[in-house]
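Let's walk through this one from the chain's loops and domains to its ligand. Have the viewer open while you read.

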Amino acid sequence: MIPRACDVLIVGGGPGGLVAAREISRANPSLDVLLIERDRAIGAPVRCGEGVATAGISEFLDPRGASWVSRHITKMIIWAPDGTEVLAAEGDVGYVLDRSRFEPELAAEAGREGAEICVGTEATGLRRAGDGWEVSVRGLGGEQTIRARLVIAADGVEGMVARWAGLDTRVPAREMESCAQYLVAGIDFDPDALYLHYGNEVAPGGYAWVFPKGIGVANVGLGILALKADGRPARQYLDAYIDRYFPTGVKTGYTVGGVIVHTTIKRTVADGLLVCGDAAHMVNPVSGAGIVNAMKAGRLAAHVAADALAKGDTSAARMQRYHDEWMALLGDDHVRFHRLKEVFVKFDDDFLNALAQTINKVPREQRSLRRVLTSALVHHPTLFPAVAKYFL
Ligand code: FAD
């Protein structure tokens with residue numbers, strides 16, 4: 001069989017890969033761009049809380065009135081372990097997406113720019129061939145080989161492409177959160193608010209979330225660090241959580257997934273290959289948010305790739321710029337967030353309850369990060385190492 005050839009092969013049709021496809025086709029419409037997605041549908045199944053900040057998502061698509069938005073969010077509320085409520089943000093906070101519509105919309109945009117999207121098609125291996133790659137693919141039409149001048153690995157948390165290309169993507173067990181989530185109907189909460197609930201009983205090493213999908217309906221999930229848990233899997237913690245806090249809830253959907261709460265892999269670039277999104281561990285290690293990060297990385301990868309192809313030099317040395325620009329954009333922040341998280345997960349519930357009460361004493365209109373930190377440090381000097389680790 002004659003191998004199919006393209007300029008750019010993108011593996012993975014999540015937010016990172018789809019933005020990469022859209023942006024590279026837009027940057028140079030003459031490039032032959034092919035995106036393959038293992039699942040049979042773009043955007044499904046959804047394994048995500050679907051929460052995004054307004055500023056981040058608006059860089060890519062206009063969320064106002066969009067059909068792929070489930071809910072506009074105007075408050076972020078943090079619950080301390082004992083239920084003490086802290087209003088952490090107010091105003092145009094963000095959105096809860098409908099990813100089953102959001103990703104098809106991104107795919108349509110990529111298609112309009114000229115990229116080809118191929119669902120039900122899985123990369124199963126790759127090897128270097130000349131200046132490019134030969135990628136083995138298993139699809140609806142059987143086995144195939146695709147020759148690409150450049151590959152963008154956007155294959156998510158379980159991604160193998162970067163590893164096949166010789167990059168180190170190992171994750172220490174203590175940096176992997178196990179998550180479980182139900183879509184729950186018939187519950188009572190403020191549908192304009194995102195809720196994050198911390199506590200070692202609730203979700204050791206992580207937090208529980210309630211992200212509204214509509215009135216009385218929400219993604220209710222949690223992530224735990226197995227090494228901090230009592231042996232129960234995430235789903236059992238979640239069942240206990242829903243029994244206790246949302247006993248009227250009807251579970252209408254269920255999903256599980258892993259979130260790598262680590263820092264970006266040391267090398268995101270190889271000859272003829274760039275890695276972006278979860279595949280490169282680009283999730284915020286404190287919040288676990290990765291949708292917009294993956295999109296930002298996809299955009300950056302596309303621009304560096306288009307430039308490298310135009311110059312006829314896709315060597316790792318030339319494309320190192322991608323890694324450096326990512327680190328300046330968010331990667332270095334993630335290193336600091338990661339240090340903060342390492343200290344934060346050691347605090348016990350009594351301390352978190354006291355901290356919430358201290359923050360609530362700061363008047364809402366004066367609740368800047370600086371003011372909150374100053375007040376917290378005055379009342380809880382044990383916070384000094386955490387704050388120092390964050391800023392150093
Ligand atoms: P993905 O979205 O994972 O896309 C990768 C794609 O590659 C997948 O579609 C996969 O099928 C495909 N693929 C994999 N291997 C191959 C292969 N060999 N060949 C072809 N295709 C392949 N982030 C937020 O910002 N907000 C949240 O509220 C949030 N909640 C979350 C809740 C849970 C339970 C979990 C697990 C994660 C959550 N995240 C959240 C994280 C977020 O889902 C990811 O960071 C984001 O989807 C990363 O995008 P991506 O494009 O890098 O990867």
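Helices and strands here are DSSP runs, numbered from the N terminus: helices are H or I with at least four residues, strands are E with at least two. With that in hand, find the loop between strand 2 and strand 3, where Glu 50 sits. Before going further, note that this is a predicted model, so to speak of its cut-offs: local features need pLDDT of at least 70, side-chain atom pairs count only at pLDDT 80 or more, and totals for chains, interfaces and linings use all residues. Residues are numbered from 1 along each chain as its sequence is written, and side-chain values use heavy atoms, with hydrogens and water left out.

Back to the loop. Glu 50 has a phi near 75°, a positive value in a residue other than glycine. Pro 45 is in the loop between strand 2 (33-36) and strand 3 (51-53) as well, and the peptide bond leading from Ala 44 to Pro 45 is cis, with omega near 0°.

Now the ligand. A backbone N or O atom of Glu 50 lies 3.1 Å from one of the ligand's oxygen atoms, a polar contact in the sense of a pair of N or O atoms within 3.5 Å (within protein, one must be able to donate a hydrogen and the other to accept it, and residues adjacent in sequence count only if both atoms are side-chain atoms). Gly 16 also places a backbone N or O atom 2.9 Å from a ligand oxygen, while Asp 278 uses a polar side-chain atom, at 2.7 Å from an oxygen atom of the ligand. The protein covers 90% of the 1,000 Å² of accessible area that the ligand has on its own, going by the Shrake-Rupley method with a 1.4 Å probe (for residues, only the protein chains shown count as cover).

Who makes up the shell? There are 36 residues around the ligand, each with a heavy atom within 4 Å of it.

Why does the ligand lie between domain 1 and domain 2? Domain 1 (4-45 + 100-171 + 266-333) and domain 2 (51-97 + 173-260) both give residues to the shell, so the ligand lies between them. These bounds come from an automatic or database domain assignment, which also gives domain 3 (343-391).

Finally, 13 residues of domain 2 are in contact with 13 residues of domain 3, contact being heavy atoms within 4.5 Å.
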